Amino acid sequence: MEYKIRKKEQKDCYDIAHVVTVAWQETYRGIVNDDFLDNLPNTEEDRGKKSFNEFDENNNHQYVLEVDGKIVGFVKVGITDEQEYKNQGEIFALYVIKKYKGNGFGRKLTEMGIDELKKLGCTKMIIGCLEGNPSNEYYKHIGGKFIKTRIFKLPNQELVENVYLFNY
């Protein structure tokens, strides 16, 4: 299994939209409304197109994971909107399709995200993880300190998200 992690390119937008669809359906069944999850394939093309049209190389803080030439994961980072952590980083998205989990790819993507945040001048970061998502254990395992919960809003559903703080 050959892999590489590289900076996102505009041409990757549709593949990333597909990874989101698959990862959400694999991970959030039983947490997120089935109607929302079942509709993700129907909105995938629009999400990919929107991302493609809004792509900004100067504000590109995403990395993709390619395995055998196919995008199967990604990480998206940036400066958080959380006021108490102003000017610090946040991992906004970290997804790896289930078939590729257990190979250390999540950790490698996390490390790439942290490196990108350091380039932005961040010394801390936060990450949110929906309650019930097994990845909560991963974030604790790699040194995340639970600091609070916040509400993650979806159409017709509000979910509790655990927030973890990392110092590096």
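**Figure 1. Asparagine 156 sits in the loop between strand 6 and strand 7.** The model shown here and in the following views is predicted. Asparagine 156 is not a glycine, yet its phi is positive, at about 65°. Most residues other than glycine have a negative phi. The relative accessibility of asparagine 156 is 78%, so the residue counts as exposed.

**Figure 2. Aspartate 68 occupies the loop between strand 2 and strand 3.** Its phi is near 50°, a positive value in a residue other than glycine. With 58% relative accessibility, aspartate 68 counts as exposed.

**Figure 3. Helix 1 (13-27) and its covering elements.** Helix 1 has 15 residues. From its first C-alpha to its last the helix reaches 21 Å, close to the 21 Å expected at 1.5 Å a residue. The buried residues of helix 1 are Cys13, Ile16, Ala17, Val19, Val20, Thr21, Val22, Ala23, Trp24 and Thr27. The cover over these buried residues includes helix 2, strand 2, strand 3, strand 4 and strand 6 (145-154).

**Figure 4. Helix 2 (residues 34-54) and its bend at threonine 43.** The bend at threonine 43 is about 55°. Helix 2 contains 21 residues, and its first and last C-alpha atoms lie 29 Å apart, close to the 30 Å expected at 1.5 Å a residue. Leu37, Leu40, Glu44 and Gly48 are buried in this helix. Helix 1 is among the elements that cover the buried residues of helix 2. Lysine 49 is also in helix 2; its relative accessible area is 46%, so this residue is partly exposed. The C-alpha atom of lysine 49 is separated by 27 Å from that of glycine 89, which is 40 residues away along the chain.

**Figure 5. The largest nonpolar core comprises 41 residues.** Trp24, Tyr28, Val32, Phe74 and Tyr95 touch the most other members of this core. Two or more residues each come from helix 1, helix 2, strand 2 (62-67), strand 3, strand 4, helix 3, strand 5 (124-130) and strand 7 (157-167). Helix 1 gives the most, with six residues. Tyrosine 28, one of the core residues named above, touches Ala23, Leu37, Tyr95, Leu130 and Asn133 when residues up to four places away in sequence are not counted.

**Figure 6. Phenylalanine 74 and tyrosine 95 form a tilted ring pair.** The count of aromatic pairs comes to nine. In the pair shown, the ring centres are 5.5 Å apart and the planes lie at 50°, so the pair is tilted. Phenylalanine 74 in strand 3 (residues 70-79) and tyrosine 95 in strand 4 (residues 89-96) are 21 residues apart, and their pair links distant parts of the chain. Phenylalanine 74 has 4% relative accessibility and therefore counts as buried. Tyrosine 95 counts as buried at 15% relative accessibility. Both residues are among those that touch the most other members of the largest nonpolar core.

**Figure 7. Trp24, Tyr28, Phe36 and Phe152 form an aromatic cluster.** Ring pairs link these four residues. Trp24 is one of the buried residues of helix 1. Trp24 and Tyr28 are also among the residues that touch the most other members of the largest nonpolar core.

**Figure 8. Glutamate 116 is a buried residue of helix 3 (residues 105-119).** The relative accessible area of glutamate 116 is 4%. Neighbours within four places in sequence aside, glutamate 116 is in contact with Lys7, Asn60, His61, Tyr63 and Val77.

**Figure 9. Cysteine 122 and cysteine 129 are both buried.** Cysteine 122 has a relative accessible area of 4%. The relative accessibility of cysteine 129 is 3%. A disulfide is a covalent bond between the sulfur atoms of two cysteines. Zero disulfides are found in a search of the whole structure.

Technical notes:
Residues are numbered from 1 along each chain as its sequence is written. This is a predicted model: local features need pLDDT of at least 70, side-chain atom pairs count only at pLDDT 80 or more; totals for chains, interfaces and linings use all residues. Side-chain values use heavy atoms; hydrogens and water are left out. Helices (H or I, at least four residues) and strands (E, at least two) are DSSP runs, numbered from the N terminus. Buried means under 20% relative accessible area, exposed over 50%, partly exposed in between (1.4 Å probe, protein chains only). Contact means heavy atoms within 4.5 Å. Rings of Phe, Tyr and Trp (its six-membered ring) pair if their centres lie within 6.5 Å; planes under 30 degrees apart count as stacked, over 60 as edge-to-face and the rest as tilted. The expected span of a helix is 1.5 Å times one less than its number of residues. The bend at a residue is the angle between axes fitted to the seven residues ending there and the seven starting there. A disulfide is a pair of cysteine sulfur atoms within 2.5 Å. A nonpolar core is a set of buried Ala, Val, Leu, Ile, Met, Phe, Trp, Tyr and Cys residues joined through side-chain atoms within 4.5 Å.
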